[in-house]
Amino acid sequence: MKKILLVLLTLFAMAAAAMAGLRAFLRRFLPQTEGNLRLPGLHGPVEVLRDRWGTPHIYAEDEDDLFFAQGYVHAQDRLWQMELQRRMGAGRLSEVLGEATLPVDRFTRTLGLNRAAEEELASLPAETRRTLEAYAAGVNAYIRQRPGRWSLEFTLLRFQPQPWRPVDSLYWAKFMALLLSGNWASETLRTRLALKLGAELAADLEPVYPADNPTLVGDASRPTGAPPPNGWRSPALLEALKLVEGLLRSGPPPQAMPAAPAAAGSVIRLNPGASNQWVVSGARTATGKPLLANDTHMAVAMPAIWYQVHLEGGRYHVAGVSLPGAPGVLVGHNQRCAWGLTTAWQDAQDLFIERINPANPAQYQFQGQWRPIQTVQEVIAVKGRAKPEVVEVRLTHHGPLVNELMGESAPLALRWVALDQTDMLGAVLGYGRAGNWQEFRAALASWAAPAHNFVYADVDGHIAYFQAGWMPVRAKGYGLAPAPGWSGEYEWQRFLTLDELPQALDPESGWLGAANNLVVDASYPHFLSADLENPSRATRLVELLTARDTVSAADFAAMQRDTFSAQAQRFVRHLLPIQPTNTREARVLEILRDWNCHIDADSVAATLYETIRLCALHEAFDRHLGELADAYVGVEPSPLGDISVFHDRSFVRLLEMLEEKKGSSVWLRDPETGIPQHKSELLHRALRIALRQLKAHLGPDMDTWTWGRLNQIHFAHPVGSVKPLHLLFNRGPYPMGGDRDTLLRASAKPAFPFPPVAVVDALRFIADLSDWDRCQIIVPGGQSGHVASPHYADQIPLWRAGLMLTLPFSRPAVERMARERLVLSP
């Protein structure tokens, strides 16, 4: 017995020693956050005070030092993330990660994100470039100071970070624009559907945009002709589909048209996001000052996408969140005003069908003339390969030919605002300094792509809304499907001016808000987008904002966690008339009848609704759409993500079918015989299939089928895709409530069993303009990218519980909350 005890004690001691050794090894990567450091390149001393959550509050004497220090602290906490992001935008992932990421690099190099960033850098105003140079100098000061101890990931992957250049910040900005621009995907899928079904049926697959959508901008007194096709289905859509169908049926064979881009199969999986935002005037708050809320919906990531920071120096005194790899604050407030943003989904991408010279494939036609196709050789180094990958990119005046990315032969060129020379950082710096609405609005003139809705409030009591982005005005058509590039009829003529873009100031209602929905009514004279999300979140937002006369910050926090689904309420109404054929079906209908339509993690009804909904979509459309059904219903593999932009539309179209009073929708008819079926038959089949799937996956006990068992969030680090490193880098999975249609966003690929949640509220922010020290913030993750840091994942439990952190702003408040002080000196 004594020998066994001795062996156990020895093993325990060895394990403890190993753990202590691992902790010591990991801690060597942690940056210095207290004391004094001398850094060449500074003009004067800079103080960095960190609070208990690791948020840096940076105080500098001039703006060069301020952004130098921001670059330095970003690198301290997130250098590996910054390295990964700049490689994503530059198309250089495979250089360090190998073959797995080659599809992503081909994708970004063909689009030319790297080329656009490099051209843009040369055209930037002096102030923007100076800011980028100061920021890069700070990053490089950290890289030089910590040789071999930058981050564990560099050690594991056995490479060193190269010096940071100003263009590296632009690479990531271009990549973010790609993630938040979905029109190209819509045009492609519309074309595929039109070639399979014909233009009439393809147009019918897009629903009418719901009439209960709450708009912010419009003038019903202004006479207009036919309204632009903002929303979804419209006569203009049918016209565009007839055009592209005719062009492609008379040209390349239909089978050569787009298949979905090949999936990368890599550790880099990103999906487009969304957001909620709203602002209320002081007339409707308990403090008499405005309140503003913003929760940005972005890909689940480890480390977190956002980085909290507070900057004070020169003309800047601003706090909120930044993107590691770039200077400034994107969402937050300064001394005078606060702001939040959401994706606007403006249609700033067009595909043009080019006509290639049959006698000379190096030429394309434009307005009767043959022009040379420009060729660029993109050389991609690939780890583990002796020879690089060489991608030949061909460009017309519209943009790069992208047909090979989609596995098709018809030459398609992409015209996209983000490939132009823009100054997005100039906008961020400008509104960070703004002292009033006029200055804030003026700063947004250089906000090009991706287009965003901004809500605004200031200490004088004003609230406002503005949709920022370089929205093209076309000579003909609306860019809803690929158009002929050779005629010159569909060219972009100009961009909407600041005065023409949607905006509102101090509305009588006392509130403004948006949730990626259509914000303009039919009287608005300009086309913006036919690729918006359904208005269920926006409708719920208005319902909650108008339910009481006075609102508080606590009310705002509860709204950000709201799980009510208007879509579920509509769908369940159609399920309840089903006549059950056994006790299990009867039990399902009983559960749904008593449900409050909240998509909570502990709800069995939510599981039933989500699974039956998915089955009903496939029952309605699979036999009609064949190989395109997954893309329409919501699954579309690509090098960057796998949630189709059409998922929103397909379910709204299903609801339309279920609510039709006369006749039977074509989609409710057998595609071979034409025999109609009643909607109850379709829904009953979906219910039966869902029950079989749930029993097989979750077991026979229906009472245990909670939504949180299927809907889980997994905070996965790219390095954590390799076992056993997942034990060190990853967090979760955790059960989660919400879905795509709830204010508490939790979007997953619509496939059973449901994969981990892909998009969540990556930031919750509430600005209280009665006292800047009472602003609240939370991100799902932590400030640090170092696994040994206490701030690697310390905000996850708070985020899951619906709690938020106070973001101090005044110097006395910061001093009270400070836990560490670092002085940077020249």
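**Notes on the predicted model**

1. The protein exposes about 30,400 Å², and 55% of that area is supplied by carbon and sulfur atoms.

2. On overall form, the C-alpha trace spans about 80 × 80 × 65 Å along its principal axes. A compact globule of 826 residues would have a radius of gyration near 28 Å, and the 27 Å of the protein agrees with this. Buried residues account for 63% of the 826 residues, and of the contacts between residues at least 6 apart in sequence, 73% join residues at least 24 apart. The secondary structure comprises 25 helices and 30 strands.

3. The largest nonpolar core holds 257 residues, among which Tyr-431 and Phe-571 touch the most other members. When neighbours within four places in sequence are left aside, the contacts of Tyr-431 include Val-329, Leu-330, Trp-339 and Leu-341, and also Phe-440, Leu-444, Trp-447 and Phe-454.

4. Strand β2 deserves a point of its own. Five of its six residues (46-51) are buried, so the strand is largely enclosed by the rest of the structure. β2 pairs with strand β30 (residues 818-825) in the antiparallel sense over six bridges, and within this pairing Glu-47 stands opposite Val-823. Four bridges also join β2 to strand β3 (residues 56-59), again in the antiparallel sense, with Arg-50 having Pro-56 as its bridge partner in β3. The hairpin of β2 and β3 has four residues between the strands, and in this hairpin Gly-54 takes a positive phi near 80 degrees.

5. An open sheet of three strands, in the order β16-β10-β20, shows mixed pairing. Because β16 (412-416) and β20 (483-484) stand at the edges with a single partner strand each, one side of each is left without a neighbour in the sheet. Strand β10 (residues 349-353) runs parallel to β20 and is joined to it by two bridges, and Phe-352 stands opposite Ala-483 of β20.

6. Which residue forms a salt bridge with Asp-204? The partner is Arg-653, with the closest N and O atoms 3.0 Å apart. Since Arg-653 lies in helix α20 (residues 647-659) and Asp-204 in helix α10 (residues 199-204), the pair ties together parts that are 449 residues apart in sequence. Arg-653 is buried, with a relative accessible area of 3%. In all, the structure holds 54 salt bridges.

7. Arg-385 forms a salt bridge with Glu-389, the closest N and O atoms being 2.8 Å apart; Arg-385 is partly exposed, at a relative accessible area of 29%, whereas Glu-389 is buried, at 17%. Arg-494 forms a salt bridge with Glu-500, where the closest N and O atoms are likewise 2.8 Å apart, and Arg-494 is partly exposed, with a relative accessible area of 37%.

8. Finally, salt bridges also occur as a network, which links Glu-83, Arg-86, Arg-87, Arg-92, Glu-95, Arg-165 and Asp-168.

Key: Residues are numbered from 1 along each chain as its sequence is written. This is a predicted model: local features need pLDDT of at least 70, side-chain atom pairs count only at pLDDT 80 or more; totals for chains, interfaces and linings use all residues. Side-chain values use heavy atoms; hydrogens and water are left out. Two strands pair if DSSP finds at least two bridges between them. A salt bridge is a side-chain nitrogen of Lys or Arg within 4 Å of a carboxyl oxygen of Asp or Glu. Buried means under 20% relative accessible area, exposed over 50%, partly exposed in between (1.4 Å probe, protein chains only). A nonpolar core is a set of buried Ala, Val, Leu, Ile, Met, Phe, Trp, Tyr and Cys residues joined through side-chain atoms within 4.5 Å. Contact means heavy atoms within 4.5 Å. The radius of gyration is taken over C-alpha atoms; the globule rule is 2.2 Å times the number of residues to the power 0.38. Accessible areas come from the Shrake-Rupley method with a 1.4 Å probe; for residues, only the protein chains shown count as cover.
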